[in-house]
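Please walk me through this protein chain.

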Amino acid sequence: MADTDLLRERGLRVTAPRLAVLDALSGRGHLDADEVLGHVRATLPSVSVQAVYDVLHALTGAGLLRRIEPAGHPARYERRVGDNHHHVVCRGCGAVDDVDCVVGHAPCLVPSSTSGFAVESAEVTFWGLCPTCRQAG
């Protein structure tokens, strides 16, 4: 589905900044807001920092982006939504990659007690060293 259709389907207006943010995150994995801003400014040089933050917030709220916040690192955004995948983060350089759900369906972890909560997803972060940092160390 085209990004314009995705925006409309979620009740959002189609704007150049929204399309540019979606494009910036297409095929690039996990970017922080500054990285998204850099990519967006390549096509929309006058876009403000606040506009990019507003768009990231709106797209995340509409379920078109996923926001992750690895401890000690800035929030990162990705377009892979709709599943319950996890992440692996490098303790050296902060690189982030996806890890498919260990069981294959959401949620893939079942808590022993939910305290009455209706559990919708499980978030797991694996930590280690990426191949580049392992070779450097």
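Where does Leu12 lie? Leu12 sits in the loop between H1 and H2. Helices here are DSSP runs of H or I with at least four residues, strands are runs of E with at least two, and both are numbered from the N terminus.

A word on the source. This is a predicted model, in which local features need pLDDT of at least 70, side-chain atom pairs count only at pLDDT 80 or more, and totals for chains, interfaces and linings use all residues. Residues are numbered from 1 along each chain as its sequence is written, and side-chain values use heavy atoms, with hydrogens and water left out.

Back to Leu12. Its relative accessible area is 17%, so Leu12 is buried. Buried means under 20% relative accessible area, exposed means over 50%, and partly exposed is in between (1.4 Å probe, protein chains only). Now look at what surrounds Leu12. A contact means heavy atoms within 4.5 Å. Leaving aside neighbours within four places in sequence, Leu12 is in contact with Leu7, Arg18, Ala58, Leu59, Ala62 and Leu64. Take Ala62. Leu12 and Ala62 are 50 residues apart in sequence, yet their C-alpha atoms are 8.1 Å apart in space.

Leu59 is on that contact list. Turn to its own partners. Not counting residues up to four places away in sequence, Leu59 touches Leu7, Leu12, Arg18, Val21, Leu22, Leu64 and Leu65.

Leu59 also belongs to the largest nonpolar core, which has 23 residues. Such a core is a set of buried Ala, Val, Leu, Ile, Met, Phe, Trp, Tyr and Cys residues joined through side-chain atoms within 4.5 Å. The residues with the most contacts inside this core are Val21, Leu25, Val36, Val40, Leu56, Leu59 and Leu65. Four helices each supply at least two of the core's residues: H1 (3-9), H2 (16-25), H3 (33-43) and H4 (49-61). H2 gives the most, with five residues.

Next come the strands. Strand E4 (residues 86-90) and strand E5 (residues 96-99) run antiparallel and are joined by four bridges. Two strands pair if DSSP finds at least two bridges between them. Val88 stands opposite Asp97 in E5. E4 and E5 form a hairpin, with five residues between them. In the turn, Gly94 has a positive phi of about 85°.

Now for charge. Side chains of opposite charge can pair when their charged atoms come close. A salt bridge is a side-chain nitrogen of Lys or Arg within 4 Å of a carboxyl oxygen of Asp or Glu. By this rule there are seven salt bridges. One of them joins Arg79 to Asp3, with the closest N and O atoms 2.7 Å apart. Arg79 lies in the loop between strand E3 (76-78) and E4, and Asp3 lies in helix H1, so the pair ties together parts 76 residues apart in sequence. Another salt bridge joins Glu35 and Arg76, at 3.7 Å between the closest N and O atoms. Glu35 is in helix H3 and Arg76 in strand E3, 41 residues apart. Glu35 is partly exposed at 34% relative accessibility, whereas Arg76 is buried at 12%. Salt bridges that share partners also join Arg80, Asp83, Asp98 and Asp100 into one network.

Last, the cysteines. A disulfide is a pair of cysteine sulfur atoms within 2.5 Å. The count is zero disulfides. For Cys90, the nearest cysteine sulfur is that of Cys133, 3.6 Å away. Cys90 is buried, at 3% relative accessibility.
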